[in-house]
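Here are my notes on the model you sent over.

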Amino acid sequence: ENPGWYTAYTPYQAEISQGRLESLINFQTLVCELTGMEVANSSLLDEGSAAAEAMAMIARTVNSKAKNQFFISDRVHPQTIDLMQLRAKYFGIDIIVGDHKASDFASMDKLCGALVQYPDTDGVLYDYSGLA
């Protein structure tokens, strides 16, 4: 099947969703209580699926013929990179995996988005404020 035809939300089944939904509401409630925030969010998506879904959302919001490249830092978990490369193939997105510190994003005129991870796959904390 072509993953471009469905989203990560499609395969939910009623017999398993009730327990997961209850876990999510408990998590959201705990986050609100611990942080003092009025609302919190959580998801059933794993990291790789969430990253691929975000990439697909970005691709749908830009002119994908003019901007069809997506950058992924080489410091992202390898399984996330693999899943995103697979999903990108069906959306016609060219994946660029590289060093986010050495990349010149301003010169990438076909770039529609980028993914970095905090902390990175080895637990290192980078300051990404210069990428914004």
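1. A quick definition before anything else: when I say two residues are in contact, I mean that they have heavy atoms within 4.5 Å. Keep in mind, too, that this is a predicted model.

2. The overall layout first. The chain has three helices and three strands, and reading from the N terminus the order is α-α-β-α-β-β. Of the 132 residues, 31% are buried. If you take the contacts between residues at least 6 apart in sequence, 73% of them join residues at least 24 apart.

3. Now to Thr 80, which sits in helix α3 (residues 78–91). Is Thr 80 buried or exposed? Its relative accessible area is 2%, and the cut-off for buried is under 20%, so Thr 80 counts as buried. Which residues does Thr 80 touch, leaving aside its neighbours within four places in sequence? They are Glu 47, Gly 48, Ala 51 and Leu 115.

4. That brings in helix α2, which covers residues 47–61. In general, two packed helices are described by the angle between their axes and the distance between the axes. For α2 and α3, the axes come within 9 Å and cross at roughly 35 degrees, and the crossing is right-handed. On the α2 side, the contact is made by Glu 47, Gly 48, Ser 49, Ala 51, Ala 52, Glu 53, Met 55, Ala 56 and Arg 60. From α3 come Thr 80, Leu 83, Met 84, Arg 87, Ala 88 and Phe 91. Sorted by class, that is eight nonpolar, three polar and four charged residues.

5. Have a look at Ala 52 while you are there. Setting aside its neighbours within four places in sequence, Ala 52 is in contact with Met 84 and Arg 87. Ala 52 and Met 84 also turn up in the largest nonpolar core.

6. That core has twelve residues: Ala 51, Ala 52, Met 55, Ala 59, Phe 70, Ile 72, Val 76, Ile 81, Met 84, Ala 88, Ile 93 and Cys 112. The elements giving two or more residues to it are α2, β1 (69–73) and α3. Which element gives the most to this core? It is α2, with four residues. As a general rule, nonpolar side chains in soluble globular proteins tend to be buried together.

7. On to the sheet. The three strands form an open sheet in the order β2-β1-β3, with parallel pairing. On average, neighbouring strands are turned by 20 degrees against each other, direction ignored. Four bridges join β1 to β3, and Gln 69 stands opposite Leu 111 in β3. Helix α3 lies across β1, β2 and β3, and runs at about 160 degrees to β2.

8. Last one: Lys 101, in the loop between β2 and β3. Its relative accessibility is 55%, so Lys 101 counts as exposed. Lys 101 and Leu 131 are 30 residues apart in sequence, while their C-alpha atoms are 8.9 Å apart in space.

Notes. Residues are numbered from 1 along each chain as its sequence is written. This is a predicted model: local features need pLDDT of at least 70, side-chain atom pairs count only at pLDDT 80 or more; totals for chains, interfaces and linings use all residues. Side-chain values use heavy atoms; hydrogens and water are left out. Buried means under 20% relative accessible area, exposed over 50%, partly exposed in between (1.4 Å probe, protein chains only). Axes are lines fitted to C-alpha atoms, for helices over the stretch in contact, and angles run from 0 to 180 degrees between N-to-C directions. A crossing is left-handed if the near helix is turned anticlockwise from the far one by less than a right angle, and right-handed if clockwise. Ala, Val, Leu, Ile, Met, Phe, Trp, Tyr, Cys and Pro count as nonpolar, Asp, Glu, Lys and Arg as charged, and the others, Gly among them, as polar. A nonpolar core is a set of buried Ala, Val, Leu, Ile, Met, Phe, Trp, Tyr and Cys residues joined through side-chain atoms within 4.5 Å. Two strands pair if DSSP finds at least two bridges between them.
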